[in-house]
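Dear colleague,

Please read the notes with the coordinates open beside them.

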Amino acid sequence: MSDRHQQRQQRLKEQVDARISAATETRGILMVFTGNGKGKTTAAFGTALRACGHGKKVAAVQFIKGAWPNGERNLLEQHGVEFQVMSTGFTWETQNRDTDTAACRVVWQQARRLLADESLDLVILDEITYMVSMDYLELDELIQALQQRPSQQSVIITGRGCHRTLLDMADTVTEMRPVKHAFDAGIQAQQGIDW
């Protein structure tokens, strides 16, 4: 048994080593975390935490979430992560298209500034997919800013229903799929777990 296991592991090692050798390009990447499952923002901020741990400079722009308590922000701001947050919060709460569009435009100007900042290694555009799908932000404007960003800068886009063009542009796409969630069983969302 151990000989077969060792042979399998050796073949696996050779495959992994070949892939590592083939990866020769160094540049920032565009990541998309989308899908109907929970965890898109959590994955993005997990990546931010990793980047900060390696001394990288990170910034985050949060569309939709508003000014409610934010554990990720509480921690990451202590480590120099700049946050720009859309002031209106959840669009299903405001129910005012004009106010939401204006708030989106204000925070989008900050996002554009961050996407042009050569000192930033990672920029998170949290929940920006909704801004595009609800026509608060023109897709072409977002695409242009992504294409013109500094070459070493990585970007994470989160949100459901990501536009096909953004999926095609992305280097890495992860789709979160709902299997089971406590909230669906009537368990309240919990601070420190769900937000």
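The largest pocket has 32 lining residues, and those nearest its centre are Lys-38, Gly-39, Lys-65, Glu-127 and Asp-194. Here a pocket is an open set of points, on a 1 Å grid over the protein atoms alone, where a 1.4 Å probe fits and where protein lies on both sides within 12 Å along at least five of seven lines, while a lining residue has an atom within 4 Å of a point. This is a predicted model, in which local features need pLDDT of at least 70 and side-chain atom pairs count only at pLDDT 80 or more, whereas totals for chains, interfaces and linings use all residues. Residues are numbered from 1 along each chain as its sequence is written, and side-chain values use heavy atoms, with hydrogens and water left out.

The volume of the largest pocket is about 1000 Å³, taken as the space filled by probe spheres set on grid points that are joined across faces, edges and corners. Its lining divides into 13 nonpolar, 10 polar and nine charged residues, where Ala, Val, Leu, Ile, Met, Phe, Trp, Tyr, Cys and Pro count as nonpolar, Asp, Glu, Lys and Arg as charged, and the others, Gly among them, as polar. Helix 2 (40-53) and helix 3 (71-76) each supply at least two residues of this lining, and the largest share, four residues, comes from helix 2; helices (H or I, at least four residues) and strands (E, at least two) are DSSP runs numbered from the N terminus.

The second largest pocket holds about 240 Å³ of space, and its lining includes Met-31, Thr-47, Arg-50 and His-54. Helix 2 again gives the largest share, here three residues, and the lining comprises three nonpolar, four polar and three charged residues.

Leaving aside residues up to four places away in sequence, Asp-126 touches Thr-41, Phe-45, Val-61, Gln-62, Phe-63, Lys-65 and Thr-158, contact meaning heavy atoms within 4.5 Å.

His-163, by comparison, sits in the loop between strand 5 (154-158) and helix 8 (164-169) and is partly exposed, at 35%.

Best regards

Definitions and conventions: Buried means under 20% relative accessible area, exposed over 50%, partly exposed in between (1.4 Å probe, protein chains only).
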